[in-house]
Amino acid sequence: MSDRTLLKLALRNATRRPMRTALTAGMVVAGTALLVICLSWLQGMFGPMLRDATNAAGHVAVRQQAYVEREQLMPLYENLPETAPLVQIIRQQPGVVDVQPRIATGGTLTIGEEIGEVFGLVDGASKAYFTERQNLDADLVAGGRWFEDDAEEMVLGAKVAEEAGAKVGDEAVLLGATQDGSLSPIKGRVVGIVSAGSGAIDRSIYIPLARARWMTDIPDGAIELLVYGADYEDATALAATLSAVPALSELAVQAWSTRPPWSQMGPMVDGIWAFLVFVTIFLAALGIWNTMMMSVLERTDEIGVLRAMGLRRRGAVGLFVVEALVIGVVGSLVGVAVGAVPAWYLATHGIELSEQVTANMGGQFPIRTTIKAALDGGIFASAFACGLLMALIGSLLPAIRAALISPVTAMRSGR
Amino acid sequence: MAICELKGATKTYGSGATEVHAILGIDLTIDAGEFTAFVGPSGSGKTTLLNQIGCLDSPSAGSVHIRGKATAGLSDVKLAGLRAEEIGFIFQSFNLIPVLTAAENVELAMSLAGQDGGHDAALALLAEVGLEGLGGRRPNQLSGGQQQRVAIARALVKKPSIVIADEPTANLDSDSGRAVLDLMRALNEKHGTTFLFSTHDPMVVDYARRVVTLRDGAIVSDERRGAAS
Ligand SMILES: Nc1ncnc2c1ncn2[C@@H]1O[C@H](COP(=O)(O)OP(=O)(O)OP(=O)(O)O)[C@@H](O)[C@H]1O
Ligand SMILES: [Mg+2]
């Protein structure tokens, strides 16, 4: 049978029982629409999250080996005592766009004479790191500004400010520790308050690198050097380049993707993605299998006749697979369109997560409390392809069943 | 010239105690241009024999040759190819493809046989079987007799060596049945196509020039009637 004849017959068969075809197409529509919504949601959740997270944590981080081994304890004494020469060397490496020394530790905040101290994550780095890298100045509440690098100033996360009762203009005392563990207070004027809707950002206390060095008694150093390339997705290559630099050979040079928590998160995201796609395709295929099987059984005599007339087994398989694919193409197109509407709504309006959820995610995940879906051509294309896969997988067993119909059936039919 | 030769052709269903020889040791030669009826009581093996000649099935023992080609041991693809090119079928319950028009049903046979020019040939043949102007109708818009004419056109359009018709008139009233047989005879005489059919109807048997009678899977008589009425 020529391909044109096969296509014609498959098309006619698809219109033969409109309700059944609609049911089959409906399963593809539901499957692809669901995928568009879920995949754009996943992308919206993890895409910006990774960009934010790697901006905060550096595409590649350079630290002491010993620090990395006890990272959870934030051991201040395992620092990089002289950062200036290292920064100079790293800046000369190909692909390096920016290097930021940073001191991250903990501390408690007191405003004026009040007792009642409030704990915060102390983040000491340059103004550029906070405002250009992380764009945190966009989240400043009205009336505030970012600190200047050489001033005795600080910026507070909204949660810390609220608990401490701090306002812009207040004098604050931040009580931290030196690298050998002695208590170490510094003073500073609160010049801004950031409210990003993210647990980690709102729980932080931002101070200039110089003030952090003073407080921790690491006069010329830092805990880590955060190195940036052009794109966070190229971090592995950048880390490889840096690892080859002799001056860094004793140090831990790690791309973000190899550091916890992302080293576990990558496979997790892939896993969620695969699970979603697999379950959706499986369920839709199950439904299609059911309706197509009905068609095959109903048309047994007819297939027998076609086989008697010389249709090969392959042709019988093709007839049903093509019919399913025709339904699949239409169903997928409709499904993508149907799914695009709620996905577009989620992309423009987003969904509010409660503060509780984001706060519990811990310091490493600067999750925004409003998550918006991210729609793009890749998601439409994936969902469409999955729709075709549903039709293909769902029709395979019925098509094979059709191929097993013996041509002798034709002679026995109608008795 | 023999276009079909059976030697000791046997078809066995089941095994052991439930073994049934649907046909057993059939020796038969069919020449080009025959118009032959297969008769015999129900269960005597008529359909089974036609299945063998029509390459729908291959023998359990013995041999069936179509134009010198043995069917035993042929792959499904080879058998399908042989059927597509050499054999036309007319079925008791017409069995047209319901989603195709009369003309498309006829074209389908040419397409399956890998032949070109289907549309024109289909319309010409439909006119020849008395269905001029009805080529655009679907099977459910045609009477039983008309459907069987479409089926005849479908069987003949690819110019097969043999047309096999298992009880072609069983689902038709006697007038339509007669008309269908007249048509088959006319086409047999005009194109020289070989027609093999089975029947229970004595009226139908009267059309045959050769009558093969089966009983319990074996041939009990083979009678040639010269130029019958
Ligand atoms: N698939 C099968 N499995 C088992 N036995 C079969 C099968 N097909 C046919 N038979 C048996 O083979 C024998 C011949 O059957 P066949 O259909 O060829 O007879 P027939 O002459 O065409 O009968 P009828 O006039 O009723 O159509 C019967 O006994 C039948 O029961
Ligand atoms: Mg029979």
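1. In this predicted model, A:Gly106 is partly exposed, with a relative accessible area of 24%; the value falls in this class because buried means under 20% and exposed means over 50%.

2. As for its setting, A:Gly106 belongs to strand 2 of chain A, which spans residues 98-111. Leaving aside residues up to four places away in sequence, A:Gly106 touches A:Phe119, A:Gly120, A:Val122 and A:Gly176. A:Gly106 is also 8.2 Å from A:Ala177, C-alpha to C-alpha, although 71 residues separate the two in sequence.

3. Turning to the ligand, ligand 1 lies between chains A and B, and 14 residues surround it, the closest being A:Arg412, B:Ser42, B:Lys46, B:Thr47 and B:Thr48. By class, this shell has three nonpolar, seven polar and four charged residues. Helix 1 of chain B, residues 46-53, supplies the largest share of the shell around ligand 1, with three residues.

4. Several polar distances from oxygen atoms of ligand 1 deserve a look in the display. An oxygen atom of ligand 1 is 2.7 Å from an N or O atom in the side chain of B:Lys46, while an oxygen atom of ligand 1 is 2.9 Å from a polar backbone atom of B:Gly43. For B:Glu167, a polar side-chain atom lies 3.4 Å from an oxygen atom of ligand 1. Taken alone, ligand 1 exposes 620 Å², of which the protein buries 66%.

Methods:
Residues are numbered from 1 along each chain as its sequence is written. Chains are lettered from A and ligands numbered from 1 in the order in which they are written. This is a predicted model: local features need pLDDT of at least 70, side-chain atom pairs count only at pLDDT 80 or more; totals for chains, interfaces and linings use all residues. Side-chain values use heavy atoms; hydrogens and water are left out. A residue is near a molecule or strand if one of its heavy atoms lies within 4 Å of it. A polar contact is a pair of N or O atoms within 3.5 Å; within protein, one must be able to donate a hydrogen and the other to accept it, and residues adjacent in sequence count only if both atoms are side-chain atoms. Accessible areas come from the Shrake-Rupley method with a 1.4 Å probe; for residues, only the protein chains shown count as cover. Helices (H or I, at least four residues) and strands (E, at least two) are DSSP runs, numbered from the N terminus. Ala, Val, Leu, Ile, Met, Phe, Trp, Tyr, Cys and Pro count as nonpolar, Asp, Glu, Lys and Arg as charged, and the others, Gly among them, as polar. Buried means under 20% relative accessible area, exposed over 50%, partly exposed in between (1.4 Å probe, protein chains only). Contact means heavy atoms within 4.5 Å.
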